[in-house]
Amino acid sequence: MNEEHPSYHDLPIEGSWVEYLRARLPYSFMEITQEPLQTRGRQYRLSDPVLLTGITAPERHNFWVRGNVYYMAGKLLDYCTMPQVISGYRHLEVMQLLNHPTAVRLGWLADVFNFYNSIQMEKVLGFILSNHLDRERVMMNNVTMAIELCLKAVMTHANYRETGGFIFEEGHDVDALYEHLPDSLQEEMVAESKVFAKEYPDFRNQVEDEIKEIYDRRFSGKPRFTNEQQAKEEWERITDRIRESAYTAFVNSNDPGNTIPEDWFEVALERIKKVRESTGLSLYFRYAPQQDRDELPIDLIADVLLLGRFLYEHLFPVPPDADRLPHSRFPQ
């Protein structure tokens, strides 16, 4: 290991739990073994962590990174207006054909592969979006799994700091996993949840206001942009915010709303616990209630989505690959 990629055991011991965990969650584990049965349940032990990068990194155990993929895939499923985005792309391709010289039009599309796949994707998404209840059920399975994996990753590194062993508890119930974390870590997470309750709505409202202002100008009868420089500045401001912030926000959606109560975190965990005790949370999103009609509870959906956002966008965001970020420079 070198200064850029230090050994796990050479990392400084930061004062706060959040700083401690953010520095260690990127490290992966090569092996996982089951511990002898303990009095309070089954435990798993992980081998010494190493910092892995590149295409082989996902082959090893890093539940934080793995859970982020579950979370982001769940967010895409939750974004139910994706077909309009795909249709908008095809519209732009057609407009390009109409507005370019004949020689370009004879070449047809800039990328016929993407054009074809966008049409195919719209059809495939139709099956998902026409079944709203089951789409949310699959989405909630994803986000619940993401929360579970993040808490197990956090628990593993926290246990090493407390006991010297990379160990996590068996189980799928997020409230129970949270309760197994050290009390001081729980207190810090509660405090951070109140910061999140203010910072995320501020971010979300700023994005919504800016995009609405651009939209309203487009249909006001006035020029959308007074000059190319203004267009360039707005383009780059929007894309730079997306590139630089760990927060996400789909505009014209209600996730999670314009305000978040300060005590949302404690309320969410308590509600999840009550549902688990009465129905079995880990089964609820898969199979629905044992009796009565299949109707997902709206409050529970909002709780789980907010917990996923708090963990993966505020507390422990996974840095994106630089080559996967949106292109931010205005076309010349």
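1. Met-189, Glu-192, Ser-193, Val-195, Phe-196, Glu-199 and Tyr-200 of helix 8 are in contact with Leu-306, Arg-309, Phe-310, Leu-311, Glu-313, His-314 and Leu-315 of helix 12. Sorted by class, this contact holds eight nonpolar, two polar and four charged residues. The model is a predicted one, and the points below should be read with that in mind.

2. The geometry of this pair can be stated briefly. Two packed helices are described by the angle between their axes and the distance between those axes. Helix 8 covers residues 183–218 and helix 12 covers residues 298–315. Their axes come within 11 Å and cross at roughly 90°. Angles of 65 to 115 degrees count as roughly perpendicular, and helix 8 and helix 12 are therefore roughly perpendicular to each other.

3. On the overall make-up, the protein has 12 helices and five strands. Of its 332 residues, 39% are buried. Among contacts between residues at least 6 apart in sequence, 75% join residues at least 24 apart.

4. Rolling a probe the size of a water molecule over the atoms shows where empty space is left. A search of the whole structure gives four cavities of 30 Å³ or more. The largest cavity holds about 60 Å³ of space. Its lining consists of Ile-147, Leu-151, Val-174, Tyr-178, Met-189, Phe-265, Leu-269, Leu-307 and Leu-311. Two or more of these residues come from each of helix 6 (132–163), helix 7 (174–179), helix 10 (264–279) and helix 12. By class, the lining has nine nonpolar residues, no polar and no charged. Met-189 and Leu-311 belong to this lining and also take part in the contact of helix 8 with helix 12.

5. The second largest cavity has a volume of about 50 Å³. Leu-25, Tyr-27, Phe-29, Leu-46, His-61, Asn-62, Phe-63, Trp-64, Ala-153, Thr-156 and His-157 form its lining. Helix 2 (63–78) and helix 6 are the elements that give two or more residues to this lining, and helix 6 gives the most, with three. The lining of the second largest cavity divides into seven nonpolar, four polar and no charged residues.

6. Helix 6 also holds Glu-148. Is Glu-148 buried or exposed? Residues under 20% relative accessible area count as buried; Glu-148 has 7% relative accessibility, so Glu-148 counts as buried. Leaving aside residues up to four places away in sequence, Glu-148 touches Gly-171, His-172, Val-174 and Leu-177. One of these, Val-174, is also in the lining of the largest cavity.

7. Last, an open space. The second largest pocket contains about 710 Å³ of space. It is lined by 34 residues, of which Asn-254, Asp-255, Pro-256, Ala-302 and Leu-305 are the closest to its centre. Helix 2, helix 6, helix 8, helix 10 and helix 12 each supply at least two residues of the lining. Which helix gives the largest share of this lining? Helix 12 does, with eight residues. By class, the lining of the second largest pocket has 16 nonpolar, seven polar and 11 charged residues.

8. Helix 12 crosses helix 8 at roughly 90°, gives two or more residues to the lining of the largest cavity, and supplies the largest share of the lining of the second largest pocket.

Conventions. Residues numbered from 1 in each chain as written. Predicted model: local features only at pLDDT ≥ 70, side-chain atom pairs only at ≥ 80, totals over all residues. Heavy atoms only, no water. Axes fitted to C-alpha atoms, helices over the stretch in contact; angles between N-to-C directions. Helix = DSSP H or I, 4+ residues; strand = E, 2+ residues; numbered from the N terminus. Parallel < 35°, antiparallel > 145°, perpendicular 65-115°, else oblique. Contact = heavy atoms within 4.5 Å. Nonpolar A, V, L, I, M, F, W, Y, C, P; charged D, E, K, R; others polar. 1 Å grid on protein atoms, 1.4 Å probe; cavity = no way out; pocket = protein on both sides within 12 Å on 5 of 7 lines; lining within 4 Å. Points joined across faces, edges and corners; volume = space filled by probe spheres on them. Buried < 20%, exposed > 50% of the residue type's maximum accessible area, 1.4 Å probe, protein only.
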